[in-house]
Number of protein chains: 2
Amino acid sequence: MARKAAAAVTSADVARLAGVSRATVSFVLNNTQAHRVSEATRAKVLAAADTLGYVPHAAARSLRAGRNNLVLIPAAVSAMGRLVSGWTDDLHTELERYGYTAVLHAGRFSDPGTAARAWAELRPGAVLALDGTSLDGAAVNVLRRAGVRALMALAPQPVEGVCTVVFDDRRVGVLAAEHLVAQGRRRIGVVMPRERGLAAFAEPRLAGARSVAARTTATVARVDMEYTHASAAELANGWAERGLDGVFAYNDEYAALLLAVLRDAGVGVPGDVAVVGCDDLVTAALQRPALTTIRLEVPSAARVAAALHDLIETGTAAPLPAVEPVLVRRESA
Amino acid sequence: MARKAAAAVTSADVARLAGVSRATVSFVLNNTQAHRVSEATRAKVLAAADTLGYVPHAAARSLRAGRNNLVLIPAAVSAMGRLVSGWTDDLHTELERYGYTAVLHAGRFSDPGTAARAWAELRPGAVLALDGTSLDGAAVNVLRRAGVRALMALAPQPVEGVCTVVFDDRRVGVLAAEHLVAQGRRRIGVVMPRERGLAAFAEPRLAGARSVAARTTATVARVDMEYTHASAAELANGWAERGLDGVFAYNDEYAALLLAVLRDAGVGVPGDVAVVGCDDLVTAALQRPALTTIRLEVPSAARVAAALHDLIETGTAAPLPAVEPVLVRRESA
DNA sequence: CCGGGTTACTTACACGAGTAACCAAGAAGG
DNA sequence: CCTTCTTGGTTACTCGTGTAAGTAACCCGG
């Protein structure tokens, strides 16, 4: 049908219809306190804006103002567990309360520099990275130079110029491995998802587990796996050869998959092999055997939103508590 | 640390450093074919842009051009199942191939009109709604008037002025109910998630199931449930009173939760009650009993991206195939 | 020495909105 | 009557970018 793109309605159109100047329209629609407008013309303007269906042009506005109310969250949706995705939605509403518009961008760029430049083009007020890697020094430079006021990240350690919520994936690996070792396990496997985008979380966890092995008599083996039935089944069928007696399964979803195929392959859990997951999803407690897992205590969305607001407005914010991993012991390990 | 926000670098800065006019900078950086620039100055400009770390200002650019390369996808992240979230990520990369920047916006607005206006402010080139309700007639009007060129939606039936991928949630309910009835079940429960944002999908499914009941001897009861262990367990404990012999569980995740609590409560599946899920997740086949579910064949992300591109450029696009629900029969029903 | 063509670059304006500075008219005060 | 203040509006400039139109320099044929 492609009706000819009727030129979008601007504040000039509203002004013409209301019979006033464009400035007056702006004063009315923004409730500018510094200028008095008679009740009569105010009504005329509002009526005109309404009948024309006027919507301000965010680009024009932010060009003039030199800032906008965008908060950019670079993150692949499919890489978020249930935990994080719920948290992200909450953050959206919290930020809206402050007048910000949060947007997610899931773009996968080959080059991290390209990614940073793409984000910088939007000139968001803030960038909040949910993985530890995408906000590296170079990216920080690009974003700062583009005038982004607030940078925040979940990262294993503070980055210069970035307000970090410390989240040490390494600690997660340490915690899992320590528990397995404490249960008397010595040959520990760490499941590494093949799905792209997850390596950033998985690698440090593996490293953490390795560090535990280094100071005990245990060994750690890397176990690659895809989140498909076929890949998991193949893994389970060759299980005996690996000779593992403990596994840290990246997260509860991979753990659930693993439990299912191990059961089908006749491998006993926790008898033959102990399994630890991560995230403490609703379903973790309902697995049989009930899944031992690691819960992550993330600072509330409201708190993070407040910190972002402070960061944008004043340039500093009260430090946020770290993400604390806590082992939840059940039956599987 | 709050280093004083060093004014962002503009193309004028680049021009000054390179000793040329701003226009020349623009010609070089955009590879404008219509204008010839000597190799020497081209190099100077590129060098200057590089040392300054220049990044164009998307707002200014789109203001001038009258259009931008944004594709807005309004959708709550937590409401997406694994199926859709993977698809969304793919769509991001496909759209990037055409030069578009896709962004997700998860804002929950009380008023749908407010939502449409918030999207319109960004003046995206396209809006792709993943639920059937958010792009209603009013929203279409607002967006069209704001100059949004392409509107696309997954919706139960074509909406005037919107390129729809027909996805009839009602059909899903019909399919599930028909299967249960064919298995001899007569008292069917439909699990309705209490989580906000899911009603848009759940209600039509319930309606579909009801329509099947209306033309058979079966009855359909609404079963509200939250995605928590507590809520599910409460449901399972009072199961006998409900007297249901078949359940359609909204999706595979709710189904998995339900299977677990029913098992704990000693209710036999499929003996006492047959259970049907939806989405055909990886874990569905691994439940015990293996979950009978409904798979949704969604048009490929590449295809949708191409259609969006056509829609933005030419105003029309070849119609996309509908999302086809297919029953995958396993053990649970 | 002049008109015509190229090449390489610049000047000037437009996009849509916000806002400082200005201005006309009427009221109040002397 | 002349100043000063208030009220209610307007004009003019700005943000950073793209691009149409203009121009200066040079070469060439006649």
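Predicted model: local features only at pLDDT ≥ 70, side-chain atom pairs only at ≥ 80, totals over all residues.
**Entry: chain A as a whole.** I looked up the secondary structure and got 13 helices and eleven strands for chain A. Then I checked the overall dimensions. The C-alpha trace of chain A spans about 85 × 50 × 35 Å along its principal axes. How does its radius of gyration sit against that of a compact globule of 333 residues? The globule would come out near 20 Å, whereas chain A has 26 Å.

I looked at burial next, and 51% of the 333 residues of chain A count as buried.

**Entry: the nonpolar cores.** Which residues touch the most other members of the largest nonpolar core? They are A:Leu258 and B:Leu258, in a core of 166 residues. I listed the contacts of A:Leu258, leaving out residues up to four places away in sequence: A:Val191, A:Met225, A:Leu235, A:Trp239, A:Val247 and A:Ala249. Another core, of 40 residues, lies apart from that one, and its members include A:Val140, A:Ala153, B:Val140 and B:Ala153.

Entry: I started with A:His92, which sits in helix H5 (residues 82-97) of chain A. Is A:His92 buried or exposed? Its relative accessibility is 1%, so A:His92 counts as buried, the cut-off being under 20%. I then asked what A:His92 touches beyond its neighbours within four places in sequence. From chain A the list has A:Ala102, A:Val103 and A:Leu104, and from chain B it has B:Leu104, B:His105, B:Ala106 and B:Gly107.

I moved over to chain B, where B:Leu95 is in helix H5 (residues 82-97). B:Leu95 is buried, because its relative accessible area is 0%. Its contacts, again skipping neighbours within four places, are B:Val71, B:Tyr100, B:Ala102, B:Ala305 and B:Leu308. B:Leu95 and B:Ala301 are 206 residues apart along the chain, yet their C-alpha atoms are separated by 8.8 Å.

Entry: A:Leu29 belongs to helix H2 (residues 22-29) of chain A. With a relative accessible area of 32%, A:Leu29 is partly exposed. Beyond its neighbours within four places, A:Leu29 is in contact with A:Val45, A:Leu46, A:Ala49 and A:Tyr54.

A:Asn31 lies in the loop between H2 and helix H3 (39-52) of chain A. A:Asn31 is partly exposed as well, at 49% relative accessible area.

Entry: I found A:His179 in helix H8 (residues 169-182) of chain A. Its relative accessibility is 10%, so A:His179 counts as buried. Leaving aside neighbours within four places, A:His179 is in contact with A:Val276, A:Thr292, A:Leu327, A:Arg329 and A:Ala333.

Where is A:Asp131? A:Asp131 is in the loop between strand S3 (126-129) and helix H7 (137-145) of chain A. A:Asp131 is buried, as its relative accessible area is 16%. A:Asp131 touches A:Leu154 and A:Phe201, not counting residues up to four places away. I also noted that the C-alpha atoms of A:Asp131 and A:Ala79, 52 residues apart along the chain, are separated by 9.9 Å.

Entry: Most residues other than glycine have a negative phi, and most peptide bonds are trans. I went looking for exceptions. The bond from A:Val269 to A:Pro270 is cis, with omega near 5°. In chain B, a cis peptide bond joins B:Val269 and B:Pro270, with omega about 5°. A:Pro270 is in the loop between helix H12 (252-264) and strand S9 (274-276) of chain A, and B:Pro270 is in the loop between H12 and S9 of chain B.

For positive phi, I noted A:Asn31, with a value near 55°. B:Tyr250 has a positive phi too, near 70°. I placed B:Tyr250 in the loop between strand S8 (246-248) and H12 of chain B. B:Tyr250 is buried, because its relative accessible area is 6%.

Terms used:
Residues numbered from 1 in each chain as written. Chains lettered and ligands numbered in written order. Heavy atoms only, no water. Helix = DSSP H or I, 4+ residues; strand = E, 2+ residues; numbered from the N terminus. Rg over C-alpha atoms; globule rule 2.2 N^0.38 Å. Buried < 20%, exposed > 50% of the residue type's maximum accessible area, 1.4 Å probe, protein only. Core = buried A, V, L, I, M, F, W, Y, C linked by side-chain atoms within 4.5 Å. Contact = heavy atoms within 4.5 Å.
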